[in-house]
Amino acid sequence: MSQLSSFCTCTDTRCPMNPCNHEKGCAPCISKCLNLREIPSCFFHLVEEEHGTEGYMFEDFARAVWKEKGFNEFISKEEDV
C-alpha cells in the first residue's frame with residue numbers, strides 16, 4: 001500500500017508504524033511517540049537535513065531547532081531536566 005499521508009516524510013519503511021505498512025495513516029506513529037514523550041521523526045526532517053539526531057525526545061527536537069536557528073552557545077545536554 002502506498003503512504004496514506006501524502007505529507008509523510010518518514011524514510012524508515014522497515015518501521016511497522018510507517019504509513020506504507022498499514023492503512024491507519026500516521027496515527028500509530030504519533031500514538032507511540034506521545035506515549036514515549038517523543039517527537040515523530042518526520043518533524044526532525046524540517047530542521048535536520050544532513051545530520052542525524054541524537055534521539056527523538058522533546059528536548060532533542062528543541063535542541064535541533066535551536067541549532068538550526070544558530071543558538072548553539074545556549075545548548076547544553078547537561079541542562080536537560
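R63 and D60 sit 3 residues apart in helix α3 (residues 58-68), which means that about one helical turn separates them. Helices here are DSSP runs of H or I with at least four residues, strands are runs of E with at least two, and both are numbered from the N terminus. The two side chains form a salt bridge, with the closest N and O atoms 3.0 Å apart; the term stands for a side-chain nitrogen of Lys or Arg within 4 Å of a carboxyl oxygen of Asp or Glu. R63 is buried at 8% relative accessibility, and D60 is buried as well, at 10%. Buried is used for residues under 20% relative accessible area, exposed for those over 50%, and partly exposed for those in between, with a 1.4 Å probe and protein chains only.

The model is a predicted one, in which local features need pLDDT of at least 70 and side-chain atom pairs count only at pLDDT 80 or more, while totals for chains, interfaces and linings use all residues. Residues are numbered from 1 along each chain as its sequence is written, and side-chain values rest on heavy atoms, with hydrogens and water left out.

Side chains of opposite charge can pair when their charged atoms come close. Across the whole structure, the search returns 3 salt bridges. D12 is partly exposed, at 31% relative accessibility, whereas R14 is exposed, with a relative accessible area of 76%. A further salt bridge joins the side chains of E38 and K32, at 3.9 Å from N to O. E38 is buried at 18% relative accessibility, while K32 is partly exposed at 31%.

The backbone at R37 also deserves a look. R37 is not a glycine, yet its phi is positive, at about 55°. R37 belongs to the loop between α1 (27-35) and α2 (41-44), and with 48% relative accessibility it counts as partly exposed.

The cysteines come next. The structure holds 0 disulfides, a disulfide being a pair of cysteine sulfur atoms within 2.5 Å. C29 takes part in no disulfide, and the nearest cysteine sulfur, that of C33, is 4.1 Å away. C33 is likewise in no disulfide, the sulfur of C29 being the nearest cysteine sulfur to it at 4.1 Å. C33 is buried, with a relative accessible area of 4%.

A pair of aromatic rings is described by the distance of the centres and the angle of the planes. Rings of Phe, Tyr and Trp (its six-membered ring) are paired if their centres lie within 6.5 Å; planes under 30 degrees apart count as stacked, over 60 as edge-to-face, and the rest as tilted. The structure holds 3 aromatic pairs. One of them is the edge-to-face pair of F43 and F61, at 6.2 Å centre to centre and 75° between the planes. F43 lies in helix α2 and F61 in helix α3, so this pair ties together parts that are 18 residues apart in sequence. F43 is partly exposed at 40% relative accessibility, whereas F61 is buried at 18%.

F44 and Y56 form another edge-to-face pair, with 5.2 Å centre to centre and 90° between the planes. This pair links distant parts of the chain, 12 residues apart: F44 is in helix α2 and Y56 in the loop between α2 and α3. F44 is buried, with a relative accessible area of 3%, and Y56 is partly exposed at 37%. Taken together, F43, F44, Y56 and F61 form one aromatic cluster.

Towards the ends of the chain, two more residues complete the picture. H22 is located in the segment before α1 and is buried at 15% relative accessibility. The side chain of H22 reaches the backbone oxygen of M17 at 3.0 Å, and a polar atom of that H22 side chain lies 3.0 Å from the backbone nitrogen of K24. In the segment after α3, N72 is found, partly exposed at 45% relative accessibility. Apart from neighbours within four places in sequence, N72 is in contact (heavy atoms within 4.5 Å) with W66 and K67.

Notes: A polar contact is a pair of N or O atoms within 3.5 Å; within protein, one must be able to donate a hydrogen and the other to accept it, and residues adjacent in sequence count only if both atoms are side-chain atoms.
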